[in-house]
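Hi,

Here is the structure I promised to pass on.

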Amino acid sequence: MASHSSQTVHTEIRHGFIRTYIFSTDHKVIGIQYLMLALFSVLLGMGLSVFMRLRLAWPAAKWPTLEQIFSVGFSGGQMTPEFYLAMMTMHGTIMVFFVLTTAPLSGFGNYFLPIQIGARDMAFPVLNMLSFWVTFVALAVMVSALLVTGGAPISGWTAYAPLSALGQVAGPGLGTGQTLWVISIAIFCAGSLLTALNFLCTTINLRARGMSLMRMPLTVWAWFTTAILALLAFPVLLAGGILLLLDRVGGSSFFIPGGLVVSDKLIPHEGGSPLLWQHLFWFFGHPEVYIAILPGMGVTSHILSTFARKPIFAYKAMVSAIFAIGFISYIVWGHHMFMSGMSPFSSMVFSVTTMAVGVPSAIKTFNWLATLRGAQIRFTTPMLFALGFVSLFVTGGITGLLLAQPAIDIYLHDTSFVVAHFHLIMGVAAIFGIFGGTYYWFPKMFGRMMSERLGRIHFWFTLAGVYAIFMPMHFMGISGAPRRYAQLTEFTYLQHLQPVQIFISICAFITIAAQFIFLYNFFVSMWKGERAGVNPWEATSLEWTIPSPPPHDNFGELVPVVNHGPYEYSVPGEPTDFVMQNAPAGSVAS
Amino acid sequence: MATTVTSGITRPPDQGDGGQRRLSQRDPQTHTMGVAFAVVAIGMLFIALTSSYVVRQGLGVDWQRLPMPRILLVNSAVLLISSITMELARLARRRGNWQRSNTWVFVTLMLGLAFLSGQLLAWQSLASQGFFLSTNPHSSFFYVLTGLHGIHLAGGLLALTYVAAGSLQQLRAPAAAAGPARPSPDRCSRWLDGTAVYWHFMDALWIYLLALLFVWG
């Protein structure tokens, strides 16, 4: 393979260490910064879940060592229920905002969207840098909520009012901790909006010649749609966050109803509506689910086509399905609130729109399977994770159709069935998308290959692990096990499920241990991995036409001219089984 | 294989090819488009607050309408005039008169500051009558909506200052001397255009908020 750089003039701009690696405006550095921020957050969030699983499986156990570290949370050696709730709140918040939103969209999107459309950088590089540092501040504020007196909030990642609006009187962590939580989320909204704006302008304005919309890789379509969702959803959360903050510190009554007595104290507020918070939150919250999963769908489509060595089945249908999912996500938020006493008519509307999400989802799944049909599949690690994504997407998605029925939801609401559902689809499927993207693009980002052997071990442990963790939760939920409880052994009708809790915890610990295989592989391969060529996977999109890792200005003085669609694999009459997007026109026999 | 990788990359023609957009030759519309998306996001923020306003108004018996501080009418006039001066600045710039354009930018900046000061006076007037953030839901929304609008308008003022600084540099140095450190006339124009879109939006948003707060009720 000829060296690309020998024919290309790159203008290397030399900056000091700080401008190159810390306050960099290079979209690639910013992408890696986001990925590292997400990596830190996912490790933290995973650590918090260990506490939760310990409490659920062994509620009476005493942990004298932990008492020395967390004197309040482990008073008497036993984990307090409040500490459990704080861990639960922070686990959810950190995972949803700082992992599932940052890694797939801001991380991979920043790194690969400009390269895949043939641009040198994002449309607004300085704004891009700013959005990362705003997000970083948001994370710092969120982490500080864990450290302040009173600890982290106990109101869940949804921060339902009035619990979240009342302050210290309502429980530990609801004082300073909850205030920091709201401020962090507001800052995070601002950072995400800047990112979304930048993604949209970049995709619309900076495409290389020939990169028509219908030649964009599905990853780009997914990031683009996700950016639209983020641009419209985060302002609504920001509005809710501002009102919540004012209820907490300004004495207003947006969400606090009158006549509320908490801890034997009459709350001096009146007239507010807790349901208003739920509407604002879920109007953001449901699109947020798709903000987390759509980039994973894009990456999965991209990887499946690459390693099936076949064009993605029904490209245009895939693009339409992405848009349909994005659009429908705005008219389904009420399905989170079937229990709120909404009228049966509203329930029916939200139920029908929710089930309608199944149509574009089924189109995507069908197309993924059709892409695989009759293919000579190369079972690389990224391919395994993409297949895992399809599996988890189906498993987690099917239960979404169940929960879309108000009658069923009223029974299953707030049980571990719901926990299992959203973990499989929003948590694990999206994480599989992130893993797939990491294994797939690692050679491009760091110029070296990750170990395939370790990758496969990691995949099988993780796939088996997550199913072992979350499948039993469905059955527990059907048996009536409520979520958000630190301990279920007090209920006689649930006591027989305690062995299942222990089983889930042990599976969780094994799965968590398996993630260290990934970390080892990731960091060791960065320095010691086999050198990667320009195009190790023999893929077609533009990132595989430039050196690994790409130089500062991506394409240098030469800019690509795109003549082909993104998935021209196994074209009859071609010397290789793939046609690069920038290959000369007319080289396709057809 | 080697040819496949490299032969599709060609040297860009020197000028005027819309397909060869590079960072240094961004589409002139990119700035304005960025502002337009920001406007969409800010619009969503206020739409969300509007729906909260309407919902909250329909609840409880504690909703008491504030008396409108008269100064808000003066402020509105000031802001409307500032939109006109903004357009005068753009007109002068289109005719190549940077001197006059800069004067109008400066006038717009002053009017914006006057508006913000007037808003603070309105707050003060309400506070002196005993209407605070926590007094009743209408006063809460009044302070939230005017406060958020003020913060966004202050952002517009920062952008205007940036534009003014850029065009001052145009005045001091002839266009021919524009180097990499000095913004080109084109860039200054684009900043001005983008800021103008934002400024008019702030203007329209204010009229909308005034109507929501005191006409709708």
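(Helices are DSSP runs of H or I, at least four residues, and strands are runs of E, at least two, numbered from the N terminus.) As for α6 itself in chain B (residues 185-216), its 32 residues should span 46 Å at 1.5 Å a residue, and the end C-alpha atoms sit 45 Å apart, which agrees; the expected span is 1.5 Å times one less than the number of residues.

Before you go further: this is a predicted model, where local features need pLDDT of at least 70 and side-chain atom pairs count only at pLDDT 80 or more, while totals for chains, interfaces and linings use all residues. Residues are numbered from 1 along each chain as its sequence is written, with chains lettered from A and ligands numbered from 1 in the order in which they are written.

Now for a loop in chain A. Ile154(A) lies between α5 (125-147) and α6 (176-205). With 26 C-beta neighbours inside 10 Å, Ile154(A) counts as buried (20 or more is buried, 12 or fewer exposed, in between partly exposed, with C-beta atoms placed from the backbone). Gly173(A) is 19 residues from Ile154(A) in sequence, yet their C-alpha atoms are 6.2 Å apart. Leaving out residues up to four places away in sequence, Ile154(A) touches Glu82(A), Leu85(A) and Gly173(A), among others; contact means C-beta atoms, placed from the backbone, within 7 Å.

Cheers

Note on methods:
Two residues are in contact if their C-beta atoms, placed from the backbone, lie within 7 Å.
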